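Please read this report beside the sequence and the 3D view. It covers a ligand site, aromatic pairs and a surface patch.

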Amino acid sequence: MDIKVTKAAKTGTRPKDEDLGFGTAFTDHMLVMDYSVDKGWHDLRIEPYADFSMSPAAMVLHYGQAIFEGLKAYKTPDNKIQLFRARDNFKRMNRSAKGLCIPELDIDLVMDGLKQLVKLEEKWIPETLGTSLYIRPTIIATDPFLGVRSSFTFKFYIILCSVGAYYAEGFNPVKIWVSKDHVRAVRGGVGEFKTAGNYAASLNAGELAKKQGYAQVMWLDALEMKYIEEVGAMNIFFIINGELVTPDLSGSILPGITRYSVITLAQKWGMTVSERKISIDEILSASEDGSLTEVFGSGTAAVISPVGEIRYGDRAINIGDGTPGKISMKFYDALTAIQYGKEKDTENWVEVIE
Ligand code: PLP
Ligand code: COI
């Protein structure tokens, strides 16, 4: 497909791989598309990365009608560029769109646009293990209107960012804090959609966690404050008696694409996997009787992130010996081998950009 490309007059330089953090090294171009009721989604184009101009009354700024995605592109050893499960991200974006009254995207069209954008920005894709090109598709409501209703106009855009590790800890175990007073989302709400407001709702508890030396919050269910849901930017897995256990998708948890990938790999390896309710009390007693051997989070930004401590009130659950657990490592190695094209992708998860 032919899409209009306006090249940037000035281009930037990718930071050295060892200087890459998360979310600051933006590339030179972005993909943009507009929606109006009469034209539908139209005018898909690549433009220089630049500020948007919009009304201060734009509905997204007041009522948070915004959805986004997070996925990554990688460089393979034979210098190809590949996307990991990109179509699944756009499928999830369309689910979020339905949940937030936003018109759905034509997945083939945006995949085509994304591939052209990533190809144009090839020099921004770092190659060291742990680095990648992070892709952030976003849709925002743009009607200048202060009444509460769904917008009639929207903007879709994709920005790209060279990234390193999401956590300062890298692959070293992170410490997470369970809040007894805050909730992220409730069944029937928008917790299962990737919408801006879920992250706004998490900030207060996130800051409290940080002040106490914890990387993120582990959320409990909003109804009983008893069952584990997920972590700030990751789904969560436990190894209990050698079994892989993760909270089931209760309606208030983000259905993580890395989560699905971990479950698929585990089943392929013959592990017993249970998606079920897990109470914080069960984790406390599994820690006491020694049956809890590993905990890790899964997410696009963090990939696999071992958890070394869970704090719940005055109880600290310590997991492992301060180094990443064997099973967490196995998942990290298997996933990254597929993502970086070092291992054959038998699941059809990667898409090479020709
Ligand atoms: N849960 C939340 C709240 C997230 O923000 C993310 C990150 O996208 C995840 C889970 C993991 O999802 P995925 O594996 O699709 O990145
Ligand atoms: C991701 O893992 O892609 C996320 O979106 C997490 C976060 C940066 C919000």
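The notes below take the ligand site, then the aromatic rings, then the surface.

This is a predicted model: local features need pLDDT of at least 70, side-chain atom pairs count only at pLDDT 80 or more, and totals for chains, interfaces and linings use all residues. Residues are numbered from 1 along each chain as written, chains are lettered from A and ligands numbered from 1 in the order written, and side-chain values use heavy atoms, without hydrogens and water.

**Ligand 2**

The residues around ligand 2 are F22, F68, G70, Y134, R136, Y166, K194, Y199, A233, T300 and A301. Each has a heavy atom within 4 Å of the molecule. Polar contacts (pairs of N or O atoms within 3.5 Å) include the following.

| Residue | Polar atom in | Distance to an oxygen atom of ligand 2 |
|---|---|---|
| Y134 | side chain | 2.7 Å |
| A301 | backbone | 2.8 Å |
| T300 | backbone | 3.4 Å |

Taken alone, ligand 2 exposes 280 Å², and the protein buries 90% of that. Areas come from the Shrake-Rupley method with a 1.4 Å probe; for residues, only the protein chains shown count as cover.

**Aromatic pairs**

A pair of aromatic rings is described by the distance of the centres and the angle of the planes. The structure holds 14 aromatic pairs. Rings of Phe, Tyr and Trp (its six-membered ring) pair if their centres lie within 6.5 Å; planes under 30 degrees apart count as stacked, over 60 as edge-to-face and the rest as tilted.

Y35 and W41 are edge-to-face, at 5.3 Å centre to centre and 65 degrees between the planes. Both Y35 and W41 are buried. Buried means under 20% relative accessible area, exposed over 50%, partly exposed in between (1.4 Å probe, protein chains only). Y35 and W41 belong to one aromatic cluster with F154 and F156.

The ring centres of Y74 and Y340 are 4.8 Å apart with planes at 65 degrees, so this pair is edge-to-face. It links distant parts of the chain: Y74 sits in strand 6 (residues 71-75), Y340 in the loop between helix 8 (326-339) and strand 19 (350-353), 266 residues apart. Helices (H or I, at least four residues) and strands (E, at least two) are DSSP runs, numbered from the N terminus. Y74 is buried, at 3% relative accessible area. Y340 is also buried, at 4%.

**Surface patch**

Y63, L146 and V148 form a nonpolar surface patch, with about 330 Å² of accessible area together. Patch residues have over 30% relative accessible area and no salt bridge, and nonpolar side chains are joined within 5 Å. A salt bridge is a Lys or Arg side-chain nitrogen within 4 Å of an Asp or Glu carboxyl oxygen. L146 is found in the loop between strand 8 (132-141) and strand 9 (154-163). L146 counts as exposed because its relative accessibility is 53%.

Technical notes. Patches are made of residues with over 30% relative accessible area and no salt bridge: like charges are joined within 9 Å, nonpolar side chains (Val, Leu, Ile, Met, Phe, Trp, Tyr) within 5 Å. A polar contact is a pair of N or O atoms within 3.5 Å; within protein, one must be able to donate a hydrogen and the other to accept it, and residues adjacent in sequence count only if both atoms are side-chain atoms.
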